[in-house]
Amino acid sequence: MKRDNTMTKRYFADAGMAEGMRVIELGCGGGEVTQLLAELVGPSGRVVAIDRDPKAVAATRERMNEHAIEHVRVVSADLSDDLSGFDDLRSDPFDALAGRRVLMYLPDPVEVLRRCSRSLRGGALVVFEETDTVMVPARVSPMAAHDRAAEWLQKMLVAEGANTAMGFGLPSTFVQAGLQFERIRAEAVIQGQGTQYPLPELLKLVQARVISAGIATQDEVDALAARLVVESADPTAVYVSEMSFCAWAYKPKVR
């Protein structure tokens, strides 16, 4: 499965992520965003990527090795803990704090941002991309299988404690964390246009989570995945499965 990260790259570059910057990434996952940040800041910059999942940490390290990226440090840590004691964050203040689809999973994103911003210099950039499902799904022609899949994924996220309205909540989250909110943007994620995981593949990818939450059985997942493939065959069908929000702010300078 291949994901096109063009949207994230555009978001971060427009926010001001640039060559030579020292960046803290929250929730590195499999390392896709880590690699993107490493490319944006270049060898003269530095990225410290943080994740609590040992599998994610290992995957990110492997990805960096595969692409011969040497200016990334991957740290295993829980974002709910105090990170000030980590040697990787105790050197010169960082220029940016970033992440994708991570704040929505945190019980207290305001506190996490407040604590992590202590490792930033005054005027540093804080930029996050988050999914939001308040306005979706959206379509003109009926797409029953896509609607059912979107419903299951929404229920899965809610069952896991995710904030599915995090996109709309980015500005207030930044302000509550003591940051100077600058701007917010949003783009529709349209299925089948190469900018997201296609729903048939995404459903299979998260099927264990859907089944564990009691939303559907394995047979039901398999049947719906097959129906999704049939519906996805029409290249003229437009289905907005989610909205991608990106907002950025700055750490106030000390006067």
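## H4 against H6

In this predicted model, helices H4 (residues 109–116) and H6 (residues 166–176) pack at an angle of about 50°. H4 and H6 are therefore oblique to each other. Angles of 65 to 115 degrees would count as roughly perpendicular, and those under 35 degrees as roughly parallel. The two axes lie 8 Å apart. The crossing of H4 past H6 is right-handed.

Which residues make the contact? H4 supplies Pro109, Val110, Leu113 and Arg114. H6 supplies Thr173, Phe174 and Gln176. By class, the residues of this contact are 4 nonpolar, 2 polar and 1 charged.

Thr173 sits in helix H6. Is Thr173 buried or exposed? Its relative accessibility is 7%, so Thr173 counts as buried. The cut-off for buried is under 20%.

Leaving out residues up to four places away in sequence, Thr173 touches Pro109, Val110, Leu113 and Met166. Pro109, Val110 and Leu113 belong to the H4 side of the helix contact.

## H1 against H2

H1 and H2 form another helix pair, with an angle of about 45° between them. Their axes are 11 Å apart. H1 and H2 are therefore oblique to each other. H1 passes H2 in a right-handed crossing.

From H1, the contact uses Thr8, Lys9, Phe12 and Ala13. They meet Val33, Leu36, Leu37 and Leu40 of H2. The residues of this contact divide into 6 nonpolar, 1 polar and 1 charged.

## How H2 is covered

How many of the 10 residues of H2 (residues 32–41) are buried? The count is 9, and the helix is mostly covered. The buried residues are Glu32, Val33, Thr34, Gln35, Leu36, Leu37, Ala38, Leu40 and Val41.

The cover comes from helices and strands. It includes helix H1 (6–15) and helix H3 (54–66). It also includes strands E1 (22–26), E2 (46–51), E3 (72–76) and E4 (94–100).

In soluble globular proteins, nonpolar side chains tend to be buried together. Here, the largest nonpolar core has 55 residues. Which of its members touch the most other members? They are Leu26, Ile50, Leu97, Phe128, Phe174 and Val210. Helix H5 gives the most to this core, with 7 residues. Phe174 also takes part in the contact of H4 with H6.

Val210 touches Trp152, Met156, Leu203, Ile215, Ala216 and Val221, again not counting residues up to four places away in sequence. Another core, of 28 residues, lies apart from the largest one. Among its members are Val23, Leu40, Met64 and Ala98. Leu40 is also one of the H2 residues that meet H1.

## His146 in H5

His146 has its place in helix H5 (residues 144–159). His146 is buried, with a relative accessible area of 2%.

What does His146 touch, not counting residues up to four places away in sequence? The contacts are Gln191, Leu199, Leu228, Glu231, Ser232 and Tyr239.

Most residues other than glycine have a negative phi, and most peptide bonds are trans. Ala68 is not a glycine, yet it has a positive phi of about 55°. Ala68 is in the loop between H3 and E3. Ala68 is exposed, with a relative accessible area of 61%.

Arg101 is not a glycine either, and its phi is positive, about 50°. Arg101 lies in the loop between E4 and H4. At 31% relative accessibility, Arg101 counts as partly exposed. The Val136 to Pro137 peptide bond is cis, with omega near 5°. Pro137 is in the loop between strand E5 (120–132) and strand E6 (138–139).

## Asp234 in a loop

Asp234 is in the loop between helix H9 (218–232) and strand E8 (239–250). Its relative accessibility is 37%, so Asp234 counts as partly exposed.

Asp234 and Ala186 are 48 residues apart along the chain. Their C-alpha atoms are separated by 26 Å.

Notes:
Residues numbered from 1 in each chain as written. Predicted model: local features only at pLDDT ≥ 70, side-chain atom pairs only at ≥ 80, totals over all residues. Heavy atoms only, no water. Axes fitted to C-alpha atoms, helices over the stretch in contact; angles between N-to-C directions. Helix = DSSP H or I, 4+ residues; strand = E, 2+ residues; numbered from the N terminus. Parallel < 35°, antiparallel > 145°, perpendicular 65-115°, else oblique. Left-handed = near helix turned anticlockwise from the far one by under 90°. Contact = heavy atoms within 4.5 Å. Nonpolar A, V, L, I, M, F, W, Y, C, P; charged D, E, K, R; others polar. Buried < 20%, exposed > 50% of the residue type's maximum accessible area, 1.4 Å probe, protein only. Core = buried A, V, L, I, M, F, W, Y, C linked by side-chain atoms within 4.5 Å.
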